[in-house]
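Thanks for coming. I will take the ligand site first and then one of the helices beside it.

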Amino acid sequence: MKIIVITGASDGIGAEMARQLAQTHRAGVALVLAARNEAQLTQVAAQCAAHGAQTLVVKTDVSVESECRQLVAATLARFDRIDALINNAGMSAQALFEDVKAEDLAWYEQLMRINLWGSVWCTHAALPYLKQSRGSIVAVSSLAGLIGVPGRTAYSATKFAMTGFFEALRAELKATGVSVTTAYPGVVATQIRYRGFNAAGVAAGCQRPERRRCHER
Ligand SMILES: NC(=O)c1ccc[n+]([C@@H]2O[C@H](COP(=O)([O-])OP(=O)(O)OC[C@H]3O[C@@H](n4cnc5c(N)ncnc54)[C@H](OP(=O)(O)O)[C@@H]3O)[C@@H](O)[C@H]2O)c1
């Protein structure tokens, strides 16, 4: 049985990856689902379990290093190995740099803690066990991790940083048998835009009336 850890598994791409992995591999997979919203993680776990997959929910804020390490510890305590780590947890942001006030600039750092450091901390904690299993590391970057466009200084900085980190790590780990794959999605229909930071560092919410459904979760 393959043990797969997915961060950001409570919604969006991460939750859908979990469901599709469960549907494809059924009893052949155990999914460790991590994010902050435990109630939503539990719902996703139930959907995966309905396909026969084993599941473990670990409430995790990836912007806190100790919680990333606890995620790996909880996985080992239950399953004793890790075959894959999918670093998918992330937040978005949309603001022109000149519109961000000095007193609000700290959210740039917070975004980096979630998107880059969350991936670095989870990967660091899991790496010894991924080497044992000759497993896989996946990083969910973005097209914004390959090209910078207006309004995306913060988000692009975090995703370019992920790109650089995981490209270098892939080369470092070549001889160990651990694979490193970076995904660069374009636009995917999730709620990420509405949860992302605006110039003041708060959730952007609905920008247009026809998108009122974005508040429903
Ligand atoms: N959707 C797109 O168009 C798109 C395009 C390119 C790349 N991406 C990338 O794809 C990944 C998933 O995005 P998505 O579209 O699925 O977004 P989403 O629907 O908003 O889901 C984001 C996931 O990340 C989790 N998350 C956010 N902050 C977290 C934190 N501090 N600690 C732990 N988990 C956290 C959320 O769970 P909780 O709120 O429960 O913690 C949620 O499960 C992100 O890395 C994003 O940058 C998305």
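**Ligand shell and helix H5**

Three helices, H1 (12-25), H5 (153-173) and H6 (192-195), each supply at least two residues of the shell around the ligand; helices here are DSSP runs of H or I, at least four residues, and strands are runs of E, at least two, numbered from the N terminus. This is a predicted model, where local features need pLDDT of at least 70, side-chain atom pairs count only at pLDDT 80 or more, and totals for chains, interfaces and linings use all residues. Residues are numbered from 1 along each chain as its sequence is written, and side-chain values use heavy atoms, with hydrogens and water left out.

H6 gives the largest share of the shell, three residues. In total 29 residues surround the ligand, each with a heavy atom within 4 Å of it. Among the closest are Ile-13, Tyr-155 and Arg-195.

Now the polar side-chain atoms. One of Arg-195 lies 2.7 Å from a ligand oxygen atom, one of Arg-193 lies 2.8 Å from a ligand oxygen atom, and one of Lys-159 lies 3.0 Å from a ligand oxygen atom. The protein covers 96% of the 880 Å² of accessible area that the ligand has on its own (Shrake-Rupley, 1.4 Å probe).

Next, H5. What span should its 21 residues have? At 1.5 Å a residue, 30 Å, taking 1.5 Å times one less than the number of residues; the end C-alpha atoms are 30 Å apart, which agrees.

The buried residues of H5 include Tyr-155, Lys-159 and Phe-166, buried being under 20% relative accessible area (1.4 Å probe, protein chains only).

Terms used: Polar contact = N/O pair within 3.5 Å; in protein donor to acceptor, adjacent residues only side chain to side chain. Buried < 20%, exposed > 50% of the residue type's maximum accessible area, 1.4 Å probe, protein only.
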